[in-house]
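Points are grouped by topic.

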Amino acid sequence: MKKDPAMRLQDTLKINEFNSVNPLISDSATFSFPDAPTMSDCFEGKVDNAFLYSRHWNPTNLKFTQSLAAMENTEAAWVTGSGMAAITCAILEICKTGDHIISSMTTYGGTFAFLKNYAPLLGIEVSFVDITNLDQIVRAIRPNTKMIYSESVTNPLLQITDIPALSSLARDNKMQLVIDNTFTPMIINPCELGAHVTVYSMTKFINGKNDCVAGAICGTKEFIDALTDVHTGTAMLLGPVLDPLRASSIHKNLFTLHIRMQKHSENAMFLAKAFEKRGIRSNYPGLPSHPQHELFKQIMNPEFGFGGILAIDLKTKENANKLMVAMQNRDLGYLAVSLGYYKTLFSNSGSSTSSEVPIELQEEMGLSEGLVRFSVGLDQNIEHTWEQIEICLNEIE
Ligand code: PLP
């Protein structure tokens, strides 16, 4: 039987030392060696899973990464102090001065700003493309292209990346495909579909509690070993490791992720249909009206639904702002950035998380000024929530 990501994850739940049901926490910054030659072997990378210093590896982080790798079906993983740390380390491990990246034009604003403003300072060129247009991507390939970068479901336009198609293109042209899967853990496993590296902001659904910022990089053992190489590894040398106390708390939350994703998806589907029925343009991969609904069905693990993120278009920023305030006043959620929380969060992407994207470019990519992005929460009675949202809509119309 083929195991789904939740089953693979559960297989990593084992009785630990002293019969503790939770993985033990090791908060040592440094580790001792039985003798000096073993110490030098570890520094030369000759000993697997060696603990020398916590910026490199730590027993608590190792256990956590084994669970993440099981979920993603990758050989290994590494955890970082933020999603941006995971993204920038993965990119800089693969691309050096003189290299070229093809990136989706719609990505999280911080990623876009890194690729547009920061990567060029390091001599790395970036071409932004419509990630749903394969011809445009092919045309953007240059002899020095090292990477295609995208998000499984892009932020905030919810375009779907055709990971299998881009994976073949990447392999044929000796490029690496790096996918940010922050919106769709459990639902999509990018590396199973052919991506080389999957990155996460664990700040979002994976942790699900909004009590910390964290990230993860999943890939082959060779890639994670290179990333953490004591002398040359980007993660080791830039040093954004996740603190083991945090790793331990997020690790525990990971084991409820499958149920949370199912409920986020169920509630988001309900609201997406309800908005659409009311005549409001509703962008959700679970709706047949989504231009890539069929592609999403092909790449998803169906038992976890179509995800918790939904975007509606209220045409003007004024309408968007009025609705968000009305909903917050009725306690239906928070006017806040971020996503993946148990309470609904909403924001006007153009003036918040995508504000790094210049207005002309926002228009070019179809980002309406009235777009409200919802990260739908775990409401027990979504019908009741919708009744309340309708009252807010009636107030603003
Ligand atoms: N990737 C996506 C899709 C995001 O939405 C975000 C943050 O909003 C990030 C990456 C960055 O993650 P972090 O804030 O944990 O650094």
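Helix α8 (residues 221–227) contains both K221 and D225, which are 4 residues apart, about one turn of the helix. In this predicted model, K221 forms a salt bridge with D225, with 2.7 Å between the closest N and O atoms.

- K221 is partly exposed, at a relative accessible area of 32%.
- D225 also counts as partly exposed, because its relative accessibility of 36% lies between the limits of 20% and 50%.
- Side chains of opposite charge can pair when their charged atoms come close.

- D99 and K146 meet through their side chains in a salt bridge, with an N to O distance of 3.1 Å.
- This pair links distant parts of the chain, 47 residues apart: D99 is in the loop between α4 (83–94) and β2 (100–104), and K146 is in strand β4 (residues 145–151).
- D99 is buried, with a relative accessible area of 9%, whereas K146 is partly exposed at 34%.
- D331 forms a salt bridge with K343, and the closest N and O atoms are 3.7 Å apart.
- The partners D331 and K343 are 12 residues apart and again link distant parts of the chain: D331 belongs to the loop between α13 (317–329) and β10 (334–335), and K343 to the loop between β10 and β11 (345–348).
- D331 is exposed, with a relative accessible area of 53%, while K343 counts as partly exposed at 22% relative accessibility.
- K343 is classed as partly exposed and not as buried because its 22% is not under the 20% limit.

**A salt-bridge network**

- K2, R8 and E192 are linked in a network of salt bridges.

**Domains and their interface**

- The domain assignment of the protein chain gives domain 1, covering 5–254, and domain 2, covering 258–396.
- The contact between these domains takes 38 residues from domain 1 and 43 residues from domain 2.
- The C-alpha centres of domain 1 and domain 2 are 27 Å apart.
- Domain 1 and domain 2 bury about 3,300 Å² between them, and 68% of this area is on carbon and sulfur atoms.
- The interface of domain 1 and domain 2 has 0 salt bridges across it.
- Between domain 1 and domain 2 there are 11 residue pairs in polar contact, counting pairs with both residues at pLDDT 80 or more.
- On the side of domain 1 that touches domain 2, the elements giving two or more residues are α1 (5–10) and α5 (109–118).
- Helix α5 gives the most to that side of domain 1, with 4 residues.
- The residues of the side of domain 1 that touches domain 2 comprise 19 nonpolar, 16 polar and 3 charged.

- T228 is placed in the loop between α8 and α9 (234–238).
- T228 counts as buried because its relative accessibility of 3% is under 20%.
- The side chain of T228 reaches the backbone oxygen of I224 at 2.7 Å.
- Not counting residues up to four places away in sequence, T228 touches H56, W57, W78, G233 and M236.

- A320 lies in helix α13 and is buried, with a relative accessible area of 0%.
- Apart from neighbours within four places in sequence, A320 is in contact with L314, N348, G370 and V372.
- A320 and L371 are separated by 51 residues in sequence, yet their C-alpha atoms are 6.8 Å apart in space.

- R171 lies in helix α7 (residues 163–172).
- R171 counts as partly exposed, with 45% relative accessibility.
- Not counting residues up to four places away in sequence, R171 touches G194, A195 and H196.
- The C-alpha atoms of R171 and H196 are 9.5 Å apart in space, and the two residues are 25 residues apart in sequence.

Conventions. Residues are numbered from 1 along each chain as its sequence is written. This is a predicted model: local features need pLDDT of at least 70, side-chain atom pairs count only at pLDDT 80 or more; totals for chains, interfaces and linings use all residues. Side-chain values use heavy atoms; hydrogens and water are left out. Domain bounds come from an automatic or database domain assignment. Contact means heavy atoms within 4.5 Å. Buried area is the accessible area (1.4 Å probe) that two parts lose on being put together, summed over both. A salt bridge is a side-chain nitrogen of Lys or Arg within 4 Å of a carboxyl oxygen of Asp or Glu. A polar contact is a pair of N or O atoms within 3.5 Å; within protein, one must be able to donate a hydrogen and the other to accept it, and residues adjacent in sequence count only if both atoms are side-chain atoms. Ala, Val, Leu, Ile, Met, Phe, Trp, Tyr, Cys and Pro count as nonpolar, Asp, Glu, Lys and Arg as charged, and the others, Gly among them, as polar. Buried means under 20% relative accessible area, exposed over 50%, partly exposed in between (1.4 Å probe, protein chains only).
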